[in-house]
Amino acid sequence: MQSVQDFIDEYNLKEKNGLSFLPNVAIEAFGLIHFNAIGWPTRIFNPNELWRYHDSQHESPKRYRRYLNLLPNITSQESRLLKQASSIIYNFSKDYSFPYFSAGENALTTAFFQFRTILKYYPNLNKNKIILEIGPGSGYLGLLLALSGYKYLAMEACQALYIYQSSLFEYAFGNEYDNGLKNRNIDCQIKHITWWDFNSKNYHVKNLSLTTCNHAILEMTNSAFNRILNVIKRSAKNPELLAESPGSNFIGSFLKLEKYIKDNSFSLSSPSKGIYIFKISDRPGVFLSLLKKLSRKLPNELYTLFLILNKISIRL
């Protein structure tokens with residue numbers, strides 16, 4: 001097993017080399033604009049810093065209770081899965097000598113709700129095809145999916161989170177994990193793709209079934225979102241992207257992304273509160289019900305003018 005320090009050094013070197021082949025627009029697209037704006041630490045330099053990302057971004061007790069309330073009637077099978085995942089996360093924190101040991105209950109609870117959401121809207125996913133996650137955070141959704149037998153691919157642009165996810169996945173899955181740096185092109189249960197390889201010309205995901213991006217869409221640049229839609233459109237016969245929460249509205253609302261949604265022939269709908277689904281459509285655009293919700297604060301006259309000028313395709 002490669003040491004974490006060696007992996008950090010290898011990642012930094014591969015990223016530096018990868019950047020030399022990317023145009024400025026691609027580098028700018030996957031700049032971490034939200035994290036950088038709030039001063040969130042996006043890089044680590046030694047293994048002693050891993051603990052910061054163990055239960056990160058979901059530490060709020062209010063958020064934890066909210067997600068607990070969204071998880072009624074946990075089945076015995078789900079209980080076994082949660083016990084298995086929490087045991088791995090706890091032992092990982094212990095074996096890596098974190099300042100505190102925990103099962104990452106805040107991030108794991110959120111991930112479990114996302115796991116349930118995927119199975120709710122896509123109950124017949126083929127386990128031999130890949131679920132791609134953009135911006136996995138601590139990586140616990142990927143852990144739950146892979147433990148449940150789904151093939152999983154993570155794309156992470158933040159160096160610190162990539163290192164944390166990779167360390168966890170290798171700890172949990174050993175040789176069934178591919179860290180994405182060696183271009184082994186082998187069939188594994190769980191894999192990583194680097195953000196610079198994701199940006200390579202004509203990149204596509206083989207056997208892609210579903211893409212998910214949670215708490216991140218409105219925290220990335222418009223061009224990054226456009227690139228993601230472009231890749232999944234090229235990769236799947238019926239490409240769909242599922243989002244549980246779009247993030248902190250750093251770039252504004254989905255209306256800011258309307259052009260890219262339409263240009264890539266996607267439609268956007270919201271089947272329930274906080275859940276957003278992008279799918280290929282012969283009438284691309286934002287659904288009327290969602291558009292009204294997003295534009296609620298606009299004066300009627302301005303809202304009407306906006307629709308006319310942008311020629312938004314509305315579904316009644």
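Biologist: How many helices and strands are there in the protein?

Modeller: This is a predicted model, where local features need pLDDT of at least 70, side-chain atom pairs count only at pLDDT 80 or more, and totals for chains, interfaces and linings use all residues. Residues are numbered from 1 along each chain as its sequence is written, and side-chain values use heavy atoms, with hydrogens and water left out. Helices (H or I, at least four residues) and strands (E, at least two) are DSSP runs, numbered from the N terminus. On that basis, the protein has 13 helices and 9 strands.

Biologist: Happy with that! Is helix α6 largely enclosed or largely open?

Modeller: Helix α6 covers residues 105-121, and its 17 residues reach 24 Å from first C-alpha to last. Buried means under 20% relative accessible area, exposed over 50%, partly exposed in between (1.4 Å probe, protein chains only). Because 13 of the 17 residues of α6 are buried, the helix is largely enclosed by the rest of the structure.

Biologist: Which residues of α8 meet α7?

Modeller: Helix α7 (residues 140-147) and helix α8 (residues 159-173) pack at about 25 degrees, with their axes 10 Å apart. That makes α7 roughly parallel to α8 (angles under 35 degrees count as roughly parallel, over 145 as roughly antiparallel, 65 to 115 as roughly perpendicular and the rest as oblique). Axes are lines fitted to C-alpha atoms, for helices over the stretch in contact, and angles run from 0 to 180 degrees between N-to-C directions. With contact meaning heavy atoms within 4.5 Å, Y140, L143, A146 and L147 of α7 meet, in α8, Y164, L168, F169, A172 and F173.

Biologist: Nice! And which residues of α5 make the contact with α8?

Modeller: The axes of helix α5 (residues 76-95) and α8 come within 10 Å and cross at roughly 110 degrees. The two helices are therefore roughly perpendicular to each other. On the α8 side the contact uses Y164, S167, L168, Y171 and A172, and on the α5 side I88, N91, F92 and D95.

Biologist: Let's finish with a tryptophan. Does W195 count as buried or exposed?

Modeller: W195 has its place in helix α9 (residues 195-198). Leaving out residues up to four places away in sequence, W195 touches Y11, E15, L19, L22, A26, I27, F30, M155, E156 and A157. The C-alpha atoms of W195 and C158 are separated by 8.7 Å, although these residues are 37 residues apart along the chain. At 5% relative accessibility, W195 counts as buried.

Methods. Expected span 1.5 Å × (residues − 1).
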